[in-house]
Amino acid sequence: MKRLLLAFAALLAAVALSAQDYTGGVKGTVVNRNGRQPVEKAKLTLMQGAVEVAVVESAEDGTFEIPDLADGLYTLVITAPDFLDNQVQVTVNDGYVKNMFNLSMTAIQQVTELDEDSFAAFDLDDSGYNDNPTILFGSNDVFNNIAGYNFSSVRFRARGYSSESQDVYLAGVKLNDAITGYSPFSLWSGLNEAMRSKETVNGSEVSDYGFGGYNGLTNIFGNALNVRKGLRGSVLTNSTLYRLRLMASYATGPMDNGWAFAANVSARLGGNDWIDGVYYRSFAYYLAADKVFNSTHKLSFAFFGTPGERGAQNASTQEVYDLMKDNMYNSNWGYQNGKVRNARVRKTHEPIAFLKYDFTPSDAFQGSATVLYRFGKNGYTALDWYDAQDPRPDYYRNLPSYFYDENPDMNRANYAKWGWANEVWKFSELYPNLTHINWDRLYNVNAIQEGGRSKYVQEERHVDQNDLNFAASFKWRAADFVTVTGGLNARINRTENYKIVADLLGGQYFLDIDNFAERDFAAQPWKLQNDLEYYMANNGASRILHEGDKYGYDYLAQVRNYGGWVNGKFVFGNFSANVGGRLGYESFWREGLLRKGLFPGQPDNETMAAAWKNEGIVATDETSYGSSKHANFLTYAGKLGLNYVIGGNQRVYANVGYFNDAPKFNQVFLSPRTRNTMIDDIAPIKTFSSDVNWQYSGNGINVRATLYYTSIKDQSKVMSAYDDLQNAFSNFAISNIDQQNYGLELGFKIPTYLVNNLSLQGVLAAGRYEYTSTPRMTQTVDNSAEVVMKDVLVPYWRCGYDENGNRQQHYLPSTPQIAASLGLAYNYNYWFIDADVEYFGESYLDMNPLYRTDYATAGPDNNVTPAEIAYMTKQERFAPAVLVNASVGKSWYIKYKYQLGFSLNVKNLLNNTDVKTGGYEQTRMVDNTVSKERYYRFDSKYFYMSGFNYMLNVYFRF
Amino acid sequence: MKKIFIVLSVALVAFSSCKSLKEEWDPVFTFGENKPAAMKLYTEQDLSSLGCNGFTSIRDLKAMYKSGGVELFGNIWIKGQVISSDRTGNVYREIYIQDETGGIDLKLGKSSLYSDYKLGQWIYVKCDNLTLGAYNGMPQLGLEPDSTTTNEYETSYIDSQAIIDSHVFRGAFADPLTPAVVGETELKAALSAGYTGELWGKLVTINGLKYGNEIFALLYPNPNLPHKSGNPENRIFLSDGGVWGIDTWSMSKAKFIEYVSSGAWDAAQVGSGSTRYGPITGKPSDYLQPGKVLDSFGTDAELTYKEIMIKYATANYVSHYFKVGSVDVQVRTSGYAKFSDEVLDSRLLTGGATCSITGILSIYSGAAQFTLVDEPSVSVKIN
């Protein structure tokens, strides 16, 4: 709070220094907020009070000027077809012509400061759970405008769709991660200015840049001409993620010689008020040049990257949070020499370069082609240890509940030990080395090992992409009533997955062997080797590792996809329709670069076979080395959209689409770190999506209402966790997951008519996102080719039953199924003030499949009881939450050429720290019971939303 | 313009001068040289500041034992040097320390203790609030027993790190102790002394041991189900003479399956005492029959005991009998030991050779039992 006051004081001082009177007419340029393209023939009406002073239209280049105005405060109302109405206040003084620069019209959505940084980096370890956020961009959509920012704090997902269903393009190239499908916002976080210009469509609508799916498409332009002209600088501080963001950008705009240049740099630094150990030390750079040769040919080039690191937050059980009296407790960090160190740090530098060619031979045809290349490093540190105690402070054996439980069947009945553990956690400040990672101990253990072999190391898991993309698209107005868009795309992705020894933590070396295998196969040392060929070539020696060395696993995920799409838009008066299709081919496979002792496969030749025989190495059907079989998919999709405009202000439209998509690499390999094996019978994902919409835009009123229904079938996923029952690292591959999402979206912004410039705004998202199938599961363990469970049904995935046999539906997790916001927005004389009350309900915890099997509900005695089903299969529903947020902002023009402004967003004014935003069930069970009749769950882990927090942005432009 | 920059600069300086911010910028560690100070190794002088004014010998400590276990109170400290290691997996969640008067099992309850407690290192134990008990006659120092209905131990593992940190203090490193060499005479004396025998819990070498061609193992067909003496159908004893085809020190899960599958145990009887269920090739009667046919696992009712054993296979310990003179010494090896599947030297198995074995000697139900600390290649020497 002190920092906030200081910032305000500085701000007010600056304002006081600059407060002077200025005069003039009014001029500027009307642009589309998406892409900064000029808006021609926009109607600008200048009002003074209720009196209409002047009416002009913007020129072809979007410019306008209203001269000869008397001093005073005016309201400039801007209207244009297909854009939201806009109005701004302008003060005219002393005969000066006020240059209002760009006046933005929202065409398809509004842009906020929302980006990937708005979401904490959750550390889900290898759990297989996905908590990647989706980001709603505004544009001309009133729902997205409000929900996009306000709902981000609870990681709201529009219509319950997952991150990978949101198509994100850069310069016309689809950039969703080739391996996971996740939206790639982190690649340009911190480059808000460079990436500000974007165009978004919702749901199943078709964009000019790509066919898209059922969860919208955002194309970020990213070229120099789309960066705001001039020099801008901003200082931002927030209290939930990083302390300080410094950003500067400069863009020349179009120059006489046809060139345009732009640059953007930023730094995000420091910790935050809520989560210890989470910090940023991230930087960003962006350089771009455009060359407009003539009205037909344009080339764009950009190169950018975001080198840096950020500490991640971990989930803990409610027991830990309660003991610590802090739902923001983060078990990832500890003191080293009295300093805070986070074990889980994401360290990335993945530069992107693209070259784009725009071809506009006529008003009726425009085309573009882009080559884009992504490369670099993406590392994520974690602790690794060999034959040593688990260093995680919240490891379940360190918690009071491990020693005592009121349920005698749990076999935890030592109250004295419970008391000690309770004392430690309740008075954590007295025991920092037990309630946080004890780095000093890790170093000290390493220091006393014979020969300097580290027991503990910090590893860095890499997912390094080489991602080459080509995309071409065109837009052709074939006739007055028909416009055809289409494109081709190709992608070659080669992602190397490996880990390195990042830090030996004071030791001298580490060995490249499999801990779990050593426990089971100590008598067969070749089985322990992560690099069997090294072992064979070095007379049975395990590879000695030093810092920077690769170890453990090393494989390539190879992905190829090619496709094309076409869409026709037909306009007949007020009625329009679009129909389009997409066809593609996708192939992926794993290519092991190491031969692992547990899964050596077959010898390559007779010499190798002889060597293996001599060593006693047994060949296996499953292999860790070489190429897996290729998973090939023919993908296709079709869309139909109908649109009818009623009376100029209202629009009714509907979309329907069917999609046959390939699953992602990470959803089909059982254990890609150890072998080439895939889930049996991989199926393409089939999605049917439909929506009906009504939109009103006029007289200062904006409303959109949507009903939607989506069905997604044949999804799969792989989760990994340590399984106590198998005493091994275990993989759970689930297939045949179906879901349906249906519901209502409503967004509105309406003048109050009671107070000038005051609007009532709100959104409602009410849906049902539920599972509809009984999937199948296969469980394997990393240290054996044995299949623990083969293709078993998960009968309680779709629903469970209470003790009375009543059906309990199970839902998609980690997003509220009911989200609502109601607030007031005030705009006057460059001030804006917003205040909203929000409600979130019906949010559910991510389920693990193991608890929904007959195996788990039967228990060790193989006897299923209603009580076991009710207990084991129940899905947790989070408590609903009410939040209050507010924003205020103001900008000032100084000496006709400078603009100084600020915005302050304050979230969670009620300081509610009990709002769960996500989490997961641990994939392990308590089996050491007294009765030996049933299993018990391990406690679930959760993430919580920060309490009261703020973001203050001060910017300066000239 | 200049003034604005000045004001903004002042604001920035103000931000970064806040105390909490200084802590925030500076301490976040990002790799490099920042090693902590060396671990604190306690001296006896250090312990005096913790209230230690002298040490009780391990022999005197053991003498405090009473049947059922005794909780220790007051200023009782012992010291000793570490003589066990769980590196090979044959000792688990405990360390043995030894002074000149004897050795004792310290039930720390943590895994991979050899990473923290090195052979020969001095250990000081504050016994206040710890419990001295025994398991089948073998003295142990742990914590008060769990109050579960099935508990059969006089002590529990200490295993709460806060208790360990406040009761167990690591001292100077020193060379590993040389084992005491004992023979039949010393063994007989110790056995006749029972619980107070000085050899129990010590590192010893016994010379002249001869393989007894006999093993002992207690197997549970389904270890997930209750398998105590009240559930005899889930118990199979491999005993009553002979080695049941077992020639390894113990058996990993894979080795266990191999042994069961070989048919060498087909004659083994299910049950114990007078309650017998026939050989393992038979089908279970009632206890092991499940109540529901499961999609994923089938039903145990359709399986024989032998098939159930394979289905629920785990690693298992084995005790091999040796003799020195007329005294039996069981060498008990965990199925989780890294050398579990190692075959005993053929000169012992069939050649009648004698050997010297080094390990931790303990008493188990009135008999001498040996636990190897190192691999057999180190611990077992053919004479």
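Predicted model: local features only at pLDDT ≥ 70, side-chain atom pairs only at ≥ 80, totals over all residues.
Two residues are in contact if their C-beta atoms, placed from the backbone, lie within 7 Å.

**Figure 1. A sheet of 4 strands in chain A**. The sheet is open, its pairing is mixed, and its strand order is 10-9-12-11. Strand 10 (173–174) and strand 11 (198–201) are the edge strands, each pairing on one side only. Strand 11 runs antiparallel to strand 12 (residues 217–220) of chain A, and 4 bridges join the two. One of the residues to look for is A:Lys198, whose bridge partner in strand 12 is A:Ile220.

**Figure 2. Helix 11 of chain A and the residue that follows**. Helix 11 spans residues 606–615 and has 10 residues. How many of these residues are buried? The count is 0, and the helix is hardly covered. Just after helix 11 comes A:Gly616, with a positive phi of about 85°.

**Figure 3. Strand 48 of chain A and its pairing with strand 47**. Strand 47 covers residues 881–894, and strand 48 covers residues 898–907. The two strands run antiparallel and are joined by 9 bridges. A:Tyr893 has A:Gln899, in strand 48, as its bridge partner.

**Figure 4. Strand 48 of chain A and its pairing with strand 53**. Strand 48 also pairs with strand 53, which covers residues 949–957 of chain A. This pairing is antiparallel and has 9 bridges. Which residue of strand 53 is the bridge partner of A:Lys907? The partner is A:Asn949.

Figure 5. Chain B has 383 residues, of which 43% are buried. The secondary structure of this chain consists of 10 helices and 18 strands. Among the contacts in chain B with a separation of 6 or more, 67% are between residues 24 or more positions apart.

Definitions and conventions: Residues numbered from 1 in each chain as written. Chains lettered and ligands numbered in written order. Buried ≥ 20, exposed ≤ 12 C-beta atoms within 10 Å, placed from the backbone. Pairing = 2+ DSSP bridges.
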